[in-house]
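Biologist: I would like to learn how to read a structure, one feature after another. Please give me the general idea each time and then the case at hand.

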Amino acid sequence: MRKYSKIPFRKVNDTSRTNEASFTTKGVEVYPKFWTLDAKIQDWVLTHEIGHSVEDAVGLSGLIKAAEDLGIDPWDTGNLPFGQFNMNEAFAESFASYHIDGDVQRRYPLWAKLVEDLSR
């Protein structure tokens, strides 16, 4: 994770935001709800957003091609990991799991491989 330490993190005091954080062109923004979370959940949320930065760096077409090269059908929304409904969120959740709890390696090994390949 050290190689992602240059991603800017910004505290944004926008109380209208209902999510905890998001990845934008400015880096990772954290909103008031983020600070109410347990420290372990904060780690997960930040790692998830870093996953979006990795995805952003390769672009959606790069993500789709890398997935298809591994035999992952990115359009099979019923089989995306962690109950996600789109490839972007499935990748970000897989990225967080890969770096935090390893569940993706056990449950979704192809997605773990996708994280490894795109994180190089």
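Modeller: Helices here are DSSP runs of H or I with at least four residues, strands are runs of E with at least two, and both are numbered from the N terminus. Keep in mind that this is a predicted model.

Biologist: Then take helix α2. How many residues does helix α2 have, and how far does it reach from its first C-alpha to its last?

Modeller: Helix α2 covers residues 87–100, which makes 14 residues. Its end-to-end reach is 20 Å, close to the 20 Å expected at 1.5 Å a residue.

Biologist: What caps the N-terminal end of α2?

Modeller: Asn 86 does: one of its side-chain oxygens lies 3.1 Å from the backbone nitrogen of Asn 88. After α2 comes Gly 102, which has a positive phi near 70°.

Biologist: Which residues of α2 are buried?

Modeller: A residue is called buried when its relative accessible area is under 20%. In α2 the buried residues are Met 87, Ala 90, Phe 91, Ala 92, Glu 93, Ser 94, Phe 95, Ala 96 and Ser 97.

Biologist: What covers the buried residues of α2?

Modeller: The cover includes α1 (39–69), α3 (103–107) and α4 (109–118).

Biologist: Is Thr 18 buried or exposed?

Modeller: Exposed, because its relative accessibility is 67% and the cut-off for exposed is over 50%. Ser 53 is another case: it belongs to helix α1, and it counts as buried because its relative accessibility is 11%.

Biologist: What does the side chain of Ser 53 reach?

Modeller: It reaches the backbone oxygen of Ile 50, at 2.5 Å. Beyond the four places on either side in sequence, Ser 53 touches Ile 7 and Phe 23.

Biologist: Now charged pairs. How many salt bridges does the structure hold?

Modeller: The structure holds 7 salt bridges. One of them joins Lys 33 to Glu 20, with the closest N and O atoms 3.5 Å apart. This pair links distant parts of the chain, 13 residues apart: Lys 33 is in the loop between β3 (27–30) and α1, and Glu 20 is in the loop between β1 and β2. Lys 33 is partly exposed, at 38%, and Glu 20 is partly exposed too, at 23%.

Biologist: What is the case within a helix?

Modeller: An α-helix has 3.6 residues a turn, so residues three or four places apart point the same way. Arg 107 and Asp 103 form a salt bridge whose closest N and O atoms are 2.9 Å apart. The two are separated by about one helical turn because they are 4 residues apart in helix α3. Arg 107 is partly exposed, at 47%, whereas Asp 103 is buried, at 16%. Salt bridges also link Asp 103, Arg 106 and Arg 107 in a network.

Biologist: Last, the nonpolar core. Which residues in the largest nonpolar core touch the most other members?

Modeller: In soluble globular proteins, nonpolar side chains tend to be buried together. Here the largest nonpolar core has 26 residues, and Met 87, Phe 91, Phe 95, Trp 111, Leu 114 and Leu 118 touch the most other members. At least two residues of this core come from each of β3, α1, α2 and α4. The most come from α1, which gives 7 residues.

Biologist: What is Met 87 in contact with, leaving aside its neighbours within four places in sequence?

Modeller: Met 87 is in contact with Leu 63, Ile 64, Ala 67, Pro 74, Leu 80, Trp 111 and Leu 114.

Methods
Residues numbered from 1 in each chain as written. Predicted model: local features only at pLDDT ≥ 70, side-chain atom pairs only at ≥ 80, totals over all residues. Heavy atoms only, no water. Expected span 1.5 Å × (residues − 1). Buried < 20%, exposed > 50% of the residue type's maximum accessible area, 1.4 Å probe, protein only. Contact = heavy atoms within 4.5 Å. Polar contact = N/O pair within 3.5 Å; in protein donor to acceptor, adjacent residues only side chain to side chain. Salt bridge = Lys/Arg side-chain N within 4 Å of Asp/Glu carboxyl O. Core = buried A, V, L, I, M, F, W, Y, C linked by side-chain atoms within 4.5 Å.
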